[in-house]
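I set out below what I looked up in this structure. The entries are grouped by topic.

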Amino acid sequence: PLAPAPGLKIAWAAMAAPRRSDTRFHHVHGANVRMDATRTQATRVESFAHGLCFSREPLAAGQIFLVEIEEKERGWCGHLRVGLTAHDPQSLRAVPEYSLPDLVGLGDTWVFAITRSHNRVAPAAEPRAPGLLPEPFLRIEQLRIPRDPLVGRSRPGRYSHLLDSLFQLNVLPATARRSRIGVLYAPRPDGTADMHIVINGEDMGPSARGLPAARPLYAVVDVFASTKSVRVIHVDYGLPSLQTLCRLVIRRHVGHRLDIDGLALPPPLKTFCKE
């Protein structure tokens with residue numbers, strides 16, 4: 001077989017990202033957190049605090065720890081908090097009540113409080129040349145992350161047509177149900193790293209700089225206040241599937257999701273395209 005050209009090798013290397021098959025929460029967590037059997041869903045069962053969770057393993061460089069907000073709870077002020085810590089959860093004498101300021105106060109921890117205004121998606125879709133597909137990867141420095149699983153979407157339902165414009169622009173409030181929020185670190189040439197928060201497929205930029213990239217860094221997810229339950233979303237770093245590319249083309253040519261029902265497509269594909 002022919003060897004790939006040098007430029008192609010570089011492109012593949014730039015897109016490469018570590019694969020972790022065991023993306024789930026750590027067994028060490030806050031006192032008010034209940035985990036499901038797979039440790040991929042964390043629910044705060046009472047109060048508004050003691051909701052700290054951690055990734056089971058340290059993250060690899062460029063690996064995103066992504067969660068979807070599954071349930072909200074009224075009556076509390078504040079929302080989800082995410083970040084990174086160099087503390088092994090098992091080394092903690094006790095899990096702090098809050099990520100901010102308690103866990104951060106221990107040092108070597110960087111946490112970002114999510115608010116409704118943190119989703120900075122433009123109010124209008126960017127123009128795209130005819131025939132071109134949306135960019136399937138989110139680019140963060142030298143990293144390439146598949147964009148499709150990063151984007152939270154409202155579920156099709158009785159009133160889903162009211163959200164069609166938001167669906168087309170992938171605009172979902174950062175603190176809403178079904179929003180997807182992730183954290184990762186991008187290494188720098190000087191041996192440090194930048195922490196990035198990704199909200200519904202949009203990079204918020206470096207939220208913290210100078211992280212010790214040589215030390216193990218665990219994801220921090222604080223199921224705080226009005227955020228009641230979150231679920232870990234697995235991200236496959238391979239190339240987009242043919243099914244995903246077909247979905248991108250179909251979405252580009254329909255007015256809103258309800259139009260998909262009138263297409264001559266198999267029912268499972270219609271469901272896949274609408275969600």
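**Arg-188 and Glu-141**

I looked up the accessibility of Arg-188 and found that residue partly exposed, because its relative accessible area is 35%. The terms I use are buried for under 20% relative accessible area, exposed for over 50%, and partly exposed for values in between, with a 1.4 Å probe and protein chains only. Glu-141 also counts as partly exposed, at 36% relative accessibility. Arg-188 and Glu-141 form a salt bridge, and their closest N and O atoms are 3.9 Å apart. I take a salt bridge to be a side-chain nitrogen of Lys or Arg within 4 Å of a carboxyl oxygen of Asp or Glu. This pair links distant parts of the chain: Arg-188 lies in the loop between β9 and β10, and Glu-141 lies in the loop between β7 (137-140) and β8, 47 residues apart. Helices (H or I, at least four residues) and strands (E, at least two) are DSSP runs, numbered from the N terminus.

I then followed Glu-141 to Arg-144. The backbone oxygen of Glu-141 lies 3.4 Å from a polar atom of the Arg-144 side chain. Arg-144 belongs to strand β8 (residues 143-146), and Arg-144 counts as buried because its relative accessibility is 15%.

**Basis and confidence**

I note that this is a predicted model, in which local features need pLDDT of at least 70, side-chain atom pairs count only at pLDDT 80 or more, and totals for chains, interfaces and linings use all residues. Residues are numbered from 1 along each chain as its sequence is written, and side-chain values use heavy atoms, with hydrogens and water left out.

I looked up pLDDT, the predictor's confidence in each residue, from 0 to 100. The protein chain has a mean pLDDT of 82, and 77% of its residues reach 70 or more. For residues 1-17 the pLDDT is below 50, and this stretch has nine contacts in the model beyond near neighbours in sequence. A contact means heavy atoms within 4.5 Å. Residues 120-128 also stay under 50 in pLDDT, and the model has 13 contacts for them beyond four places in sequence.

How many residues of strand β4 (residues 65-72) are buried? I found six of its eight residues buried, so the strand is mostly covered.

I checked the pairing next; two strands pair if DSSP finds at least two bridges between them. Strand β9 (residues 180-187) pairs with β4 in the antiparallel sense over four bridges, and Val-67 stands opposite Ile-181 in β9. Strand β13 (residues 227-233) also runs antiparallel to β4, joined by six bridges. Val-230 in β13 is the bridge partner of Ile-69.

My search of the whole structure gave 11 salt bridges. In one of them, the closest N and O atoms of Glu-70 and Arg-231 are 2.7 Å apart. Glu-70 is in strand β4 and Arg-231 in strand β13, so this pair links parts of the chain 161 residues apart. Glu-70 is buried, with a relative accessible area of 18%, whereas Arg-231 counts as partly exposed at 26% relative accessibility. I also recorded a network of salt bridges that links Glu-68, Glu-70, Arg-178, Arg-180 and Arg-231.

Glu-73 and Lys-228 meet through their side chains in a salt bridge of 3.8 Å, N to O. Glu-73 lies in the loop between β4 and β5 (81-85) and Lys-228 in strand β13, so the pair ties together parts that are 155 residues apart in sequence. Glu-73 is partly exposed, with a relative accessible area of 25%, and Lys-228 counts as buried at 12% relative accessibility.

**Nonpolar cores**

I define a nonpolar core as a set of buried Ala, Val, Leu, Ile, Met, Phe, Trp, Tyr and Cys residues joined through side-chain atoms within 4.5 Å. The largest core has 33 residues, of which Phe-25, Phe-65, Ile-197 and Val-221 touch the most other members. Strand β10 (residues 192-199) supplies the largest share of this core, four residues. Another core, of 13 residues, lies apart from it and has Ile-140, Ala-186, Val-198 and Val-235 among its members.

I listed the neighbours of Phe-65, not counting residues up to four places away in sequence; among them are Phe-25, Leu-59, Ile-181, Val-221 and Val-232.

Note on methods. Polar contact = N/O pair within 3.5 Å; in protein donor to acceptor, adjacent residues only side chain to side chain.
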